[in-house]
Amino acid sequence: MKKSWMLGGLLLTSAVLGTAVEVQFYDESLPITLNPLFATTMVDNRAHELYFDRLYYNNPTDNSLTSRLIDESQTKIEDAGKSLRLTIKDGINWHNGKKFTANDICFTIDAMLNVRTPSPIAHYYREHLASCTVEKSNVAKVTFKRVYHNPRERLKFFVLPKSEFSSTAVQPDTEFANQPVGTGPMKGRMGTLAARFEAHTKTSHHSPKIGAMKMSQAQDPAVQISTLRNGAMHGIVSVPPIYRPELQTESEVQLRSYDLRSWWFIALNTTSGPLASKEVRQALNYSLDRSELREKSIGFDKNDKESPCEFISGPFVQSSAYYNHEVPPVEFTDKRKAEALLNAAGLEKNGLWFHEGKPVALRIGMDAKLGKEATDLLTQIANQLSEAGFTTRISKISSDDWNRKAITGQLTKEYDMLIGKWSFGINEDVNDLFQTRSETKFQGRHNIFNYSNPEVDSTLVEYEKARTTDGAKNAYHKLHSQLADDLPYLFLWKLDTKSAWRAEVKDITISPYYYFTDINRWYVSKSK
Amino acid sequence: MKYWWIQPSARALVAVALPLLVPALITALIWSLPGNPAEIICPPSICTGGEELAARWHLDQGPWAFYGHWMSSALQLDFGDSWRVLTGRPVIELMAQTIPNTLILIGFALIPITVGSVLGAFQQPSKRWDSVLVFLSVLPVVVLALLAAAIVELNFAGSGDDGLGYWVRMMAAALTLGIADGALSGSILGNRSMFEQENQQRYVGISILRGESNFSNTLPNLAGALVGQYRSRIVQLLSGAVIVEVIVRVDGFGALLWRGTLMQDFGVVLAAATVFACLSSGLLFFQALVEVLQNLHQRRAPKLTLESTEVVR
Amino acid sequence: MMYGLVSSSLLFGWLGGLGCTGTSSNSEEVKEPTQAALLPQEDLERLWVFKAADAEWRGTFEGNPGWTSLFNRDYEGALSGASGSGDVRMQSEFASIYRQATQMHSHATNHIYDTDRQEEDGNDTLYLRGVARTILADYEGANSDFTVVEDEKLKGMSLQWKSVLEGKGWTTEHVLEGNFVNVPPLTSSAKAKFRPESVPHFTINTTVEGVTAGVTDGTELWVRSRWHEAMAREMATQSGMDPRWVDVFMAPWVVPMEKAYAKEQSSSILKSLKDQPLDEAWLFLSRNLVPEDALFLYELQFSEQPVEVLNTWSTTSVLAKILSGCILEGVLDVPKVLDAAGKLELEVLEGMKVSQGKEEPFYPLFADFAEQSVLIAGVMVAEKLGQREDSGRLRLNARDLALQNSKDALFLTSFAAWDVENRYPLRAQDMVHKYSGDFPAFKVAGHPLGTLQIRLGRSAGVPGAAN
Amino acid sequence: MNRRHLYIALAGFCFVTLLALAWSAPDLPSTIDRSQRSLKPWEYWPLGTDMNGRPLIEYASQGARVIAIPSFLAGILVAFFGMMGGLLRCVEWPTIQTMVQFIGEIVGALPRMVVILVVALLLPTEWRSLMPLAVVWAILCAPGAIDEAGAVAARLGGTRFVEALKAHGFGAWRIYMHHIVVLNLRPVLVRQGAEAMMTVAFLEVALSYLAVVEDQSSFTHSDNLRSWADLLKEGYLWLALGIDSGHVLFVGLGLLGLVVLTATALGKAAEAR
């Protein structure tokens, strides 16, 4: 029975591939928003790279800072280096056919500078940008708050069309969030089941060879792999580690590295219950057998020198300069230490651990999409904690709830532990994750359980204010050891991301972090 | 049977009340959730435009104002915008995109059910097939939906929403709906037993003696029951459609409702639930009408010919 | 001894089998009409990867712990387990790898104290930038840096570079010592251990009152590389090989300051080695498929007319033959190179099966070396043709398409150095971290990479965490 | 032992098995053990293992724990509603009858899945269980049961039947409970209840499956427990991709079959003589 389906699948697939114009791929989930000012997930960032152009971007191959929108030959530095006079290239059109002008650049900057635009991304640019004035329809003058030796590095934001917004106070709930108008290589809209992309050719600055693309939400990993193999889909953005070895030697599918610094964690609710005690958090740290978790959930192979998974003891990957190698990761369970710490914290063991006469019950949540990369991680962790004498109640958290509630500190009443991952590009700033939350100061915006520790706060300020590179590095090394001791997070591991694309999708360059920067070059060939 | 009109009137009354009641219940639900309803769309932690949003979505003047505004707009076919599923997109647009798929699905699913009803009415198939029908009747929709999804997903994972992929998807889903949860066997067995019992009535025997066909006699008496049965089947299909559309990945109205529910998109849930309620009301009203006609027909005195009166005498 | 090779072969072979079982063969329907074979049979049979299917040929390497370790990409084990001509090869590999690490360090140092210079950077940094610029063959820049260095100790350390600046490049006459580096004597490599120095090497003053910064000096990497090179030459002499093969092997990987001298030597070396048989230790698990490839790539490094070199060698060198077919109007066409590399891998695989009349699980592992060789040679040709971005695309493909056993640390180090030259330190940091066990002194290069990463990150002005 | 006893024994056996499974369910699924992956029942007693080497008996028992009590309660509720409907036809309360019919029409006209989803949406995470949904489902099924039981009572003669029995000197309790409910309404009440029990089990599997495929937390149980839907999901991979999980599908279907068998046997056992 299966064979006949496969055969049917293959015939239909070949028919599809024979005339393939639409490149279809699975991403971890669908984008939360297509308005780049409100991107919170890597899926958002990848989709935005297709719909929009960043004013400046780094060439994914040779890292040269370049722009598809600005005519570099006419760019001038003015006001003793405080301003940049940008001249727009000719013939650039928005997806709706309107001409791209300097008004759009200045609108985007004004929107980011408007404090009523509730965009975490805008906040970063507010630190550098002072104003933007339109000098001519194709000339904008951007002024910075101070002189930068590399001002263009501060202009890597996505440009929005002025015509699509009524005010510079841009809100996340408009139709633009699912039906964007950009200047990017692809135009399209979000659907209920998929995000669609169609080549944007009526402009001078893009000529993608792929006619159309479709981003679907990841299915069961086994289904994804099979549909990729039989050609019903062209690519998978993130291949679960367990399936990588079997794809590695596949002739019709190629594994591609996606340079992204991702690390996994368990955030602990330090605001209430027994987890408010540092000893209890440390005991939990010793109650986990990370080695077993990695072997069973990630499918880690001890003989694999190229293992995608490596333990961490703090909020950085081991290859980062910020990683403090003097703090060793906890790899195995240490029951003795755990029990000593729990006793010290005043907990009593009677089969289960009791706190103030009640058994310690841990409510554990996990960003559901992680379950595709790490099989049953949530259950494995619950099992280990049950073995250690805690009762557990586990819940998967949908991507939507994770982004709207978990990382904004809205789940402190519902959960004691939250399992998630953070991804970084060149900027590994973690202040937002651990600084005491302050909406007015835009601090601690990703502080999951509203953790607050004056010592950690002062270290984070130390990092912000550091005048030397070593100063910043030392501050984060100190932060690393402070966090490894105070444990607002139980740090798990870094996990490399690998994509898989069918061999007929040619000339693929996957850019670090943004992924699709080089999409204009990709093409689909009939031959493998 | 002095009060025969009570039942159809009750149905008609409910048919009118339902489309008003369902949105009222959901409006009450929106206000019963913790926090300000506007925070569902714009959590203060990531959004500063709470007040403007509340005003824009008519959430700022309490449930009655909201309900009133929503109803008056809905009467002009303006169901507002999606709150979360596809933020800002007019719900009517989403419905226009998804309802046809669901109607096609239900339409195709009704084929086996209708065929089954007709067969049942003619006492087909014979009772030795009953074990098969009973087996079919216990197949849950989720199991058949899995089978359908298995066929579709592997071959049309990427191209399932147009061309051949679309139709294979729809057919598989429709077949699932048409068979699962006893839809097919229920229609066959239900009709068969209904007509079987009716055929045993005395008046049928007499009509056969009069040389009339029993079907022409039983049908008018069973019309109401038949329509009622058909109505409940369609309502059952609408419920099943939610499951089938999600599992087989049909971009239908049921799947839209499911997503709306998951994402607390009350813009979508309100509209979807109301449309479901309207459909149900329409069917209910139709049933009431048929019942009225049936009763009037039954109460119409038959014209007796001279011969027949002789026979009676 | 051959357990490692066989077990990993089986492991990967099994995975290969697994990969194939699920694969649909719909390629039949969608493939364009079959093109002519990339290589004629006689050329195919000359490739070492093809010969590797022959148990007898393979047997000469399989018993050797050095080769087994190299196959399993255990470089530390490969160096300590190597013997005879294999030892020469491993020392040359290490010398080249540290050459590229030196280059990486120099680029990183040059960026952090030049393009990404910050207010904190004081006069002492000019010594480090001077060393970096010397290695990168910017002699004027280096000279101007060294002449204004104020710190007496650093001045002293810079003196040994002066002669290189004056001679406008490195020659073998120069003897250079990292003042803080303990160089072991030249003995049998199995015994010799070049321990890494602790990092940072020393501290320098910053412009911030009372604040110093820890730094590393690329000199250590250079000295280390030179030591491995000397070891290679020594081992070559001991095992009766012509030491000039070491020059041939290392030519693509030397640092800019050596280029001029190496070019001077090249014509005579090429002339005398052209007719010498090449020990197969230079081929097995290497980037050269036939002996002529080594000489082709050697000449390519010093030629101003790379296309002519391609054409000249295309009759004898397989890599030249394949790549010359990928030149369109004097430009290397990346998609053609990618196709050719993939096609060669398949042809080799098929050839191995046909010649042996059976299929072994490790055939694909060897065949993958063929694809890697074409891609890496393609990188070199693209660089020579000034197609920098295209060389990057080929580098990325080579990195992604390599299997575990064909992941080449030398190529990856050179890729990292290239990335750092482009002010992109992340991939390089990952590579340095991954190989820190095999090449402990990589931490020296890792130090300025970290500084560069921090400076770029803090000035990037883009958000940090996303989930 | 006649046919009826056989059905009663069968129904009893199936239901006790269901309860036993529920009682023996572990609090959490056990740890992954890939060395034991995809073992068939004869290789790993009694039901084999899943793709990650976990015993399928855990899924079976945890799923039973989710389903057993709520579905049984739903069955009882539906039977109770039916009984009330039947009895109502035997008393002369036209106003109440009209009201019941009116409410019944409203409830009967509501699209069930819409109501269930909305109720599921309302439930706070810590309250999430099948029980409230089962109760709602029972209420939604009530009008059908009331109609059918009412029709049976009407055929019986309704109030005239009660009057006749009163004339024979039977007490009210005996008339209503014994003569009407036990002797006459029993078949329809038990059948309706059994069907409700079965449909609640199917509803749970359907909702759990939707949650699983949509990466959502389950509506019907804590994520500590696995539903039978997880078995169907893994078994589906065998159907779709030929992955070695056919036995998992059969176990899933077998468990659903157990519920179906309970319901059918109950219905048959209660059929009129």
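## A bent helix in chain D

In this predicted model, helix α7(D) bends by about 75° at Leu185(D). A proline, Pro187(D), follows within four residues of that point.

Helix α7 of chain D covers residues 172–213, which makes 42 residues. A straight helix would reach 62 Å at 1.5 Å a residue, but the end C-alpha atoms of α7 are only 54 Å apart. After the helix comes Asp215(D), which has a positive phi, near 55°.

## An open sheet in chain A

Chain A contains an open sheet of 7 strands. Their order is β8-β9-β10-β1-β11-β22-β12, and the pairing is mixed. Which strands form the edges? They are β8 (186–187) and β12 (253–258) of chain A, each of which pairs on one side only.

One pairing within this sheet is that of β9 and β10. Strand β9 (residues 194–199) and strand β10 (residues 212–217) of chain A run antiparallel and are joined by 5 bridges. Across this pair, Ala195(A) stands opposite Met215(A), a residue of β10(A).

## An enclosed helix in chain A

Is helix α11 of chain A, residues 377–387, largely enclosed or open? Of its 11 residues, 9 are buried, so the helix is largely enclosed by the rest of the structure. Buried here means under 20% relative accessible area.

The buried residues are Leu377(A), Leu378(A), Thr379(A), Gln380(A), Ile381(A), Ala382(A), Asn383(A), Gln384(A) and Leu385(A). Gly389(A) follows α11(A), and its phi is positive, near 105°.

Note on methods. Residues are numbered from 1 along each chain as its sequence is written. Chains are lettered from A and ligands numbered from 1 in the order in which they are written. This is a predicted model: local features need pLDDT of at least 70, side-chain atom pairs count only at pLDDT 80 or more; totals for chains, interfaces and linings use all residues. Side-chain values use heavy atoms; hydrogens and water are left out. Helices (H or I, at least four residues) and strands (E, at least two) are DSSP runs, numbered from the N terminus. The expected span of a helix is 1.5 Å times one less than its number of residues. The bend at a residue is the angle between axes fitted to the seven residues ending there and the seven starting there. Two strands pair if DSSP finds at least two bridges between them. Buried means under 20% relative accessible area, exposed over 50%, partly exposed in between (1.4 Å probe, protein chains only).
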